[in-house]
2 protein chains.
Amino acid sequence: MDAIPTMRRNMESLVRRTQDEICLAIERLDGTPFREDRWERPEGGGGVTRVLQEGAVFEKGGVNVSVVHGTLSEEAARSMGGGSGLGAEAREFFAAGLSVVLHPVNPMAPTAHCNYRYFERSGPGGLAAWWFGGGSDLTPAYLFEEDARHFHGVLKATCDRHDPAFYPRFKRWCDGYFFLPHRGEARGVGGIFFDDLCDRAPEHLFAFAADCAGSFLPSYLPLVERRRAEPYAEAHKRWQALRRGRYVEFNLLYDRGTLFGLKTGGRLESILMSLPLEARWEYAREPEPGSEEARLLEVCRKPRDWA
Amino acid sequence: MDAIPTMRRNMESLVRRTQDEICLAIERLDGTPFREDRWERPEGGGGVTRVLQEGAVFEKGGVNVSVVHGTLSEEAARSMGGGSGLGAEAREFFAAGLSVVLHPVNPMAPTAHCNYRYFERSGPGGLAAWWFGGGSDLTPAYLFEEDARHFHGVLKATCDRHDPAFYPRFKRWCDGYFFLPHRGEARGVGGIFFDDLCDRAPEHLFAFAADCAGSFLPSYLPLVERRRAEPYAEAHKRWQALRRGRYVEFNLLYDRGTLFGLKTGGRLESILMSLPLEARWEYAREPEPGSEEARLLEVCRKPRDWA
């Protein structure tokens, strides 16, 4: 098996184009330009990190592209099989990905995350494995059911265009992945998540990933437009910061991408751009029964079907 | 070898007495009472967690005692040898410990942490290993050299009363332990740290641990008294929150006690009471060269001798 140069090219062009589209739409909504950092990876490849901080609508947001290649360490190779049963062999890799995290100012507007990536591993015998991974999930501080329904609805419609089995499978995977076992809580209201996907022709999976990436803005932007001017009080902002503390806990304790990046010496600022501007930890803070805060927790503790 | 019942009793009484002393002194300084939660561990033992939040002097502080016993999981037993080369055998354990974290309001006043614990492991053949662990370290947001010198001076004097080799050895160990490899930064200006200590008679090591625990207040309280009323601006508070973000990173990514506690289902709120009330992450924030903020970073990047 040889590398799939078309797929590398297609994926690189997809993530760059999607980065531009998302940044343009966010800048238009916020009125604040992204700061852009272009970086090179000494071992091969590089990326473009764009971050917006303390905007009018977004407290912090990052839209990253990386297209990298090189040799995995033995440990990294072992921990990343791509569903192929590969071990420490076939350590040459190529990866192209897009990663987006947006934390709005208004506590009524949800945080959103999406990430789409294509991976290849090869060794002396040529290409040994390729796969797609990714997903998109929503993390509100306050629950608006119509927002969760809209977000999941767009994702389901996107999945259904490719395979009606995709949405239920990737929705469950998402609920399982973005989960904090020490709290018994999901990070938010979920979305879709998949990894090591290589069970049909690469061009079909590429078309699916491209469709998902393109659905990020329509799934999320209407929610921010709807909630950006909702009135709120200091207490709502505090609850938002507490929920952002959970976001930090998930990313530093469990998120594979974050931990893999930190261990393998990825670009630190691009990895940690996902962390919120502000987070908060209060001792033994339990919301009042029946409150809006308790309603959110209920949904985090018992994931629901939204589409 | 049988369990050392005297040592269990002595350690339990030490940690409870020290908890009372520290809480009394902190309450006197702050004017705010600690909230106390007594908890039981279904598998054996329990603890007393005391937390003070949004006080006049301390933004958040916790002083915990736990005296627990039971059976380690195979995985936990393997990861915790007590320097004895024990593996999955000898899984009965006893542990008594004191754990203190204090985050002041004033950004000129440093955060302090100390932890002292005694551990036993036994199996069908009786006691298989016992050891002491602990230490104390200082995390300023702004560097006052006389504060670092005072803190280390008290620790060194304490160590020297027991063995002149202790301070240099445990100071180095602390610099190595409270280190964030992904940032190339120490968490603060260090202190002392030791683990798996069992290389002399248990009563000698107990006397050392007791002396260390007793030195926490004299090492730290004068610094807070000195800095609690220093004038500061919003920008100093922001820098403090950024540094507290590093504290969160260390505790969630690297701290053995935190990760061990979360994995083995310890009491969540007692484990995470170490996290600050507020933390902050700004993208690619580098302090102005020559600023006070840069001066602190320099010391975190190149640990110094303070005593």
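The crossing of helix α6(A) with helix α7(B) is right-handed, a crossing being right-handed if the near helix is turned clockwise from the far one by less than a right angle, and left-handed if anticlockwise. Helices here are DSSP runs of H or I of at least four residues, strands are runs of E of at least two, and both are numbered from the N terminus. The model is predicted: local features need pLDDT of at least 70 and side-chain atom pairs pLDDT 80 or more, while totals for chains, interfaces and linings use all residues. Residues are numbered from 1 along each chain as its sequence is written, and chains are lettered from A in the order in which they are written.

Helix α6 of chain A and helix α7 of chain B, each covering residues 234–253, pack at an angle of about 50°, with their axes 9 Å apart. Axes are lines fitted to C-alpha atoms over the stretch in contact, and angles run from 0 to 180 degrees between N-to-C directions. The two helices are therefore oblique, the class left after under 35 degrees (roughly parallel), over 145 (roughly antiparallel) and 65 to 115 (roughly perpendicular). Among the residues making this contact are Leu252(A) and Leu252(B); contact requires C-beta atoms, placed from the backbone, within 7 Å.

The contact between the chains takes 22 residues from chain A and 22 residues from chain B. On the side of chain A that touches chain B, α6(A) gives the most, with four residues.

Key:
Two residues are in contact if their C-beta atoms, placed from the backbone, lie within 7 Å.
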